[in-house]
Amino acid sequence: MLGLKLPTDPRWVNIVEKNIEEILTDHAFCEQKATSTAISLIVSFPEYTELVQEMTGLVTEEMSHFKMVHDIIIERGYTLGRDRKDDYVVQLMKFFPKGGSRTTQLVHRLLYAALIEARSCERFRLLSEELEDKKLAKFYKKLMISEANHYTMFLGFARKYGDRKEVDQKWNDLLDYEAQIMKDLGKKETVHG
């Protein structure tokens, strides 16, 4: 369903289980960054009324996810650590050239967002199925569904605002590129790393 070309190695869950505090901190900041992305799309493209409406709801949802993760951090006696650079996103953002028309910029940002949400969904599915901590597994199953909805929303907007054939080609090329990135990741207790 997600179209990802390279699935996460299930052994990644073993890495996560050795440092739950680290994955929770990274996850919290992923939710914060998703909130920032939605706000940035509103600020950068206010003329796209339907997009602004959806992003407004997404801001609320992503911040509620941040709070849910933060509550788990507190409940487990941890403290939210500092934000870290997301190597996955840094590498991903190199794919599309800078510049182009406003519509092209919008489509590229939507495709990046769709792919990040798709990979998060895939990772959350793996956590929901493989974590020994059943309470945390249940939490990730709930979030997995939400991430899938976000992925389809961003991809749908990219297809709506750009030329469908061109967008689908860019999406496929981006998926191929992401698969290459993923060959070197999956070795850290981070959502995308």
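Tutor: Helices (H or I, at least four residues) and strands (E, at least two) are runs assigned by DSSP and numbered from the N terminus. Glu117, for example, is placed in helix H5. This is a predicted model, in which local features need pLDDT of at least 70 and side-chain atom pairs count only at pLDDT 80 or more, while totals for chains, interfaces and linings use all residues. Residues are numbered from 1 along each chain as its sequence is written, and side-chain values use heavy atoms, with hydrogens and water left out.

Student: Is Glu117 buried or exposed?

Tutor: Buried means under 20% relative accessible area, exposed over 50%, and partly exposed in between (1.4 Å probe, protein chains only). Glu117 has a relative accessible area of 6%, so Glu117 is buried. Ala113 also lies in helix H5, and Ala113 is buried at 8%. Of the 29 residues of H5, 21 are buried, so the helix is mostly covered.

Student: What span should helix H5 have?

Tutor: The expected span of a helix is 1.5 Å times one less than its number of residues. H5 covers residues 102–130, and its 29 residues should span 42 Å. The C-alpha atoms at its ends are 42 Å apart, which agrees.

Student: How do I read the packing of H5 and helix H6?

Tutor: Two packed helices are described by the angle between their axes and the distance between the axes. Axes are lines fitted to C-alpha atoms, for helices over the stretch in contact, and angles run from 0 to 180 degrees between N-to-C directions. H5 and H6 (residues 134–161) pack at an angle of about 160°, and their axes are 7 Å apart. That makes H5 roughly antiparallel to H6. Angles under 35 degrees count as roughly parallel, over 145 as roughly antiparallel, 65 to 115 as roughly perpendicular and the rest as oblique.

Student: What is the handedness of the crossing of H5 and H6?

Tutor: A crossing is left-handed if the near helix is turned anticlockwise from the far one by less than a right angle, and right-handed if clockwise. The crossing of H5 and H6 is left-handed. The residues of this contact of H5 with H6 comprise 21 nonpolar, four polar and four charged. Here Ala, Val, Leu, Ile, Met, Phe, Trp, Tyr, Cys and Pro count as nonpolar, Asp, Glu, Lys and Arg as charged, and the others, Gly among them, as polar.

Student: How do helix H2 and helix H3 cross?

Tutor: The axes of H2 (residues 20–44) and H3 (residues 49–75) come within 8 Å and cross at roughly 165°. H2 and H3 are therefore roughly antiparallel to each other. Their crossing is left-handed.

Student: How many disulfides are there?

Tutor: A disulfide is a covalent bond between the sulfur atoms of two cysteines. The search counts a pair of cysteine sulfur atoms within 2.5 Å, and over the whole structure it finds zero disulfides. For Cys30, the closest cysteine sulfur is in Cys121, 14 Å away, too far for a bond. Cys30 is buried at a relative accessible area of 14%, and Cys121 is buried at 5%.

Student: What separates Gln91 and His192 in sequence and in space?

Tutor: They are 101 residues apart in sequence and 11 Å apart in space, C-alpha to C-alpha. Gln91 is in helix H4 (residues 87–92) and, at 33% relative accessibility, counts as partly exposed. His192 is in the segment after helix H7 (164–182), and His192 is buried at 3%.
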